[in-house]
Amino acid sequence: MPINIQPILNLMQSILQSVGQVNNLLPPSFIAPPMNEGIPPYTEMAIPVPQPPGITGLPPNVYFDVSTRFNATQKQKITDSINGVLFNWYLHMTQKWNGGANNGLSQLASCTNTYATKNLRPLWYRGVAITNGRKATEVAMDQFTQIIKDNGFRKSPKARIDWTYNRGITTMRANTAIGQTRVPVNIIVNAYQLDQSNVTTGLLLGSMFHAWLHRAGFTDPKTTSYFISECPMCAMRGYQVKNPALPDNSFYQFFD
Ligand SMILES: [Zn+2]
C-alpha cells in the first residue's frame, strides 16, 4: 500500500526553517483576552479519524470541546496539530500492520528506538517489562487507539481544549493520566504561542503529540533520552536522524 509521507516532509521542512529563531522575537504588546459573556464557553469540534488497515471498531470522528476564547486561526492550528498526531498514529499502525502480518517496524518506532531509553512505561502499564523504544512506541500507539475509541464513541468524558494566554514558552499542557480507559484528552493551549508566526505547524504537532503521550500515561522529564520527548521529536524531524546543528531543546522547549 502506498503511503503518502508528504505531510511529514512538509512539517519537517517547516521546522528546519524555524527552530533556532524562536527566542529572538520580542513579545508583542499584550492582547486582552476576548470576553465570552453571553456565548457558550465551548463549541464542539469533530475531527475525522484516519482508518489504518487491521484496526477494527474505530469511530469515524473524535470530538473536542474547544474554548470559544480561541479565534478561528488559533482553532485551525489546534485542529492541524491534532490531525498531525492522528496522522503519525495512522502511519505507525499502517506500517506495523505490514499488509496483515502485523509485525512491521514503523518509521516512528524505528526512530524512537534509536533515541528513547528512559521512562518507557506508562503509569497504568502492568505487562511484560518494556525494555526498548520500539515496544514503548507500540504500547503508546495502541493506547492512542484506546483513547480514540473511547472519545469517538463517547465513553470518556468530553475532551476539553482550554484557553490560556501568557508570554512564556508554555505551548500545550496536559496532565499525566493514571488510568487506561475512558481518558479524556484534556489540554490547555497557550493562545500566545499559537499567534507566533515562527511556532510552526510542525512544532505545534510535537507539542500536541507530547500532550497526548501524557494522556496515554507517559511521564516527563521532557528531555533527551526520555520516551515522552524522543517519540514526538522523531515525528517533528520526519523520522530522520538528529541533526547536530539543531539541539534537542529547540524542539522540546515547546513541550510541557
Ligand atoms: Zn510533559
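Predicted model: local features only at pLDDT ≥ 70, side-chain atom pairs only at ≥ 80, totals over all residues.
In strand 3, Ile 161 is the bridge partner of Val 66. Strand 2 and strand 3 run parallel and are joined by two bridges. On the other side of the pairing pattern, Thr 43 stands opposite Val 66 in strand 2, and Glu 44 stands opposite Asp 65 of that strand. Strand 1 and strand 2, the latter formed by residues 61-67, pair in the antiparallel sense over seven bridges.

The sheet may now be followed from strand 3 in the other direction. Strand 3 pairs with strand 5 in the parallel sense, over four bridges. Within that pairing, Ile 188 of strand 5 is the bridge partner of Asp 162. Arg 173 also stands opposite Ile 188 in strand 5. Strand 4 and strand 5 are antiparallel and pair over two bridges. In general terms, the strands of a sheet pair through backbone hydrogen bonds, in either a parallel or an antiparallel sense.

Taken together, the five strands form an open sheet in the order 1-2-3-5-4, with mixed pairing. Its edge strands are strand 1 (42-48) and strand 4 (172-173), each of which pairs on one side only.

The sheet is one part of a chain that contains eight helices and five strands. Read from the N terminus, the elements follow the order α-β-β-α-α-α-β-β-β-α-α-α-α. Of the 256 residues in the protein chain, 41% are buried. Among contacts between residues at least 6 apart in sequence, 75% join residues at least 24 apart.

Ile 78 is located in helix 2. Why does Ile 78 count as buried? Ile 78 counts as buried because it has 23 C-beta neighbours inside 10 Å, the cut-off being 20 or more. Leaving out residues up to four places away in sequence, Ile 78 touches Val 66, Phe 70, Ile 161 and Val 189. Val 66 and Ile 161 are the bridge partners with which this account began. The C-alpha atoms of Ile 78 and Leu 205 are separated by 8.8 Å, although the two residues are 127 residues apart along the chain.

In soluble globular proteins, nonpolar side chains tend to be buried together. The largest nonpolar core here has 61 residues, of which Ala 140, Met 208 and Trp 212 touch the most other members. Helix 6 (residues 201-215) provides the largest share of this core, eight residues. Apart from its neighbours within four places in sequence, Met 208 is in contact with Ser 81, Ile 82, Gly 84, Val 85 and Met 172.

The remaining part of the account concerns helix 3, residues 107-115, in which Gln 107, Leu 108, Ala 109, Cys 111, Thr 112 and Asn 113 are buried. The elements covering these buried residues include helix 2, helix 4 (133-152) and helix 7 (227-236). Two packed helices are described by the angle between their axes and the distance between the axes.

How do helix 3 and helix 4 meet? Their axes come within 7 Å and cross at roughly 130°, and helix 3 and helix 4 are therefore oblique to each other. The crossing of these two helices is right-handed. On the side of helix 3, the contact is made by Leu 108, Ala 109, Thr 112, Asn 113 and Tyr 115, and on the side of helix 4 by Gly 133, Arg 134, Thr 137 and Glu 138.

Helix 3 also meets helix 7: the axes of these two helices come within 9 Å and cross at roughly 130°. That angle makes helix 3 oblique to helix 7. Helix 3 passes helix 7 in a right-handed crossing. Leu 108, Cys 111, Thr 112 and Tyr 115 of helix 3 make this contact with Glu 230, Cys 231, Cys 234 and Ala 235 of helix 7.

Methods: Residues numbered from 1 in each chain as written. Pairing = 2+ DSSP bridges. Buried ≥ 20, exposed ≤ 12 C-beta atoms within 10 Å, placed from the backbone. Contact = placed C-beta atoms within 7 Å. Core = buried A, V, L, I, M, F, W, Y, C linked by C-beta atoms within 7 Å. Axes fitted to C-alpha atoms, helices over the stretch in contact; angles between N-to-C directions. Parallel < 35°, antiparallel > 145°, perpendicular 65-115°, else oblique. Left-handed = near helix turned anticlockwise from the far one by under 90°.
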